[in-house]
Amino acid sequence: MSLNFEFSDRLKQLPPYLFLEIDKAKRAALAQGRDIINLGVGDPDQTTPQVIIDAMKKALDNGANLHYPFDAGVPQLRVEIAKWFKKRFSVDLEPSSEIYPLIGSKEGLAHFPLAFINPGEKVLLTEPAYPAYQAAVAFAGGKIQYLPIKASNDFLPKISDIAESKNARMIIVCYPNNPTAAVANKEFYAELVKVCREKNIIIVSDLAYSEVYYDGVKPPSILEVEGAKEIAIEFHSFSKTYYMTGWRLGWACGSPLLVSGLAKVKSNVDSGVFNAIQHAGIAALNIDPAEVEDMRNCYQERRDALINGCRSIGWKIDFPKGAFYVWAKIPSKFSDSMTCVQAFLDQADIVMTPGVGFGKSGEGYVRMALTVPVERIHEAVGRMAKVLQ
Ligand SMILES: *Cc1c(COP(=O)(O)O)cnc(C)c1O
């Protein structure tokens, strides 16, 4: 008897994984022992600061931390998040009703639509985008309406597109943006809140890169806008700010109703964040600000090395305003982003991500992550020059 199990329609409707071909080619190149410079991954190359690691070690020695983190876990973490938020954004959050810890912000983003989207209901997504949003809406049975974001509008969605949309229940935005590295200002958020209040649309803001910015220009939180807290939920992450991608810690904050819906889904799926990791999070929030400043300076140095280097070989790229990505229009000798990425891999052993993998408006761009040291960036630019000759 042969067994025949099929994936659910839910899984089958996910788009094909566009990075597959590039992944395969990259693995083959590595297996051949080629000296690959990987500008493809959005995972920082640095190590978590020692004080955070020490806090985790200490927390592990307390048996109380080894049990189910019942309810939202360590109350002190939410108190510290509220303090951090007040200092950073001048926004008051009530720790027990307006903040909820997550097993990484991706987890929260993936579960959130389950709390508020019924099958067939519409969600607005900017595009190109971080692929997790699309999957999250699909898993909830929602319908997606894409809002293309373009350089001509600073990679922001047009407010008029939102105003003209019909029956949308939710919108997801992310600034600093992955992949375009664009940043939104408070005026944009104010307009977004206004139109979404008029149309009764829930706003989801992904602020994973709140602390990765350049030239001292701090990205705002949507919760700084008057009235936002009634219709918005914002997702924050420890991953990028403190080099903690592997730890899995983030939080959701904003509207108590929206936060409680997410908490309800989560209470049926997971049993919270390991308490010891929550204690590490408390240490992270109280770290010497100079450590976070070092992180920013490090990316700024790499950004300048890459962009000035590319410009020196005739590839004109705009400076990103936030996140650790460079979103570059492909050189004119290539017809599309896949061909461009393939050429840099084959001829220069450099891995980049094709823009089209983030959505069709990403065609014509490649994304390069600033997750390799400056010396390697100089080496990469030297190799790129030969490809572009
Ligand atoms: C890295 C990233 C996240 C989050 O990560 P977690 O590690 O799950 O907290 C969320 N959104 C975007 C756009 C990201 O690039």
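Predicted model: local features only at pLDDT ≥ 70, side-chain atom pairs only at ≥ 80, totals over all residues.

Me: What makes domain 1 and domain 2 separate units here?

Reply: The domain assignment does. It gives domain 1 as 13-42 + 290-388 and domain 2 as 50-285. Their centres, taken over C-alpha atoms, are 27 Å apart. Domain 1 brings 25 residues to the contact, and domain 2 brings 28.

Me: How do you know how much area domain 1 and domain 2 bury between them?

Reply: Buried area is what the two parts lose in accessible area on being put together, summed over both. For domain 1 and domain 2 that comes to about 2,500 Å². Carbon and sulfur atoms carry 59% of it.

Me: Why is the pair Glu211 and Arg296 called a salt bridge?

Reply: The cut-off is 4 Å between a side-chain nitrogen of Lys or Arg and a carboxyl oxygen of Asp or Glu. In Glu211 and Arg296 the closest N and O atoms are 3.9 Å apart. That is within 4 Å, so the pair qualifies. Between domain 1 and domain 2 the count is 2 salt bridges.

Me: How many residue pairs are in polar contact between domain 1 and domain 2?

Reply: The count is 14, with both residues at pLDDT 80 or more.

Me: Which elements give two or more residues to the side of domain 1 that touches domain 2?

Reply: Helix H11 (289-312), strand S9 (325-329) and strand S12 (365-369) do. H11 supplies the largest share, 6 residues. By class, this side of domain 1 has 13 nonpolar, 7 polar and 5 charged residues.

Key: Residues numbered from 1 in each chain as written. Heavy atoms only, no water. Domains from an automatic or database assignment. Contact = heavy atoms within 4.5 Å. Buried area = accessible area lost by both parts, 1.4 Å probe. Polar contact = N/O pair within 3.5 Å; in protein donor to acceptor, adjacent residues only side chain to side chain. Helix = DSSP H or I, 4+ residues; strand = E, 2+ residues; numbered from the N terminus. Nonpolar A, V, L, I, M, F, W, Y, C, P; charged D, E, K, R; others polar.
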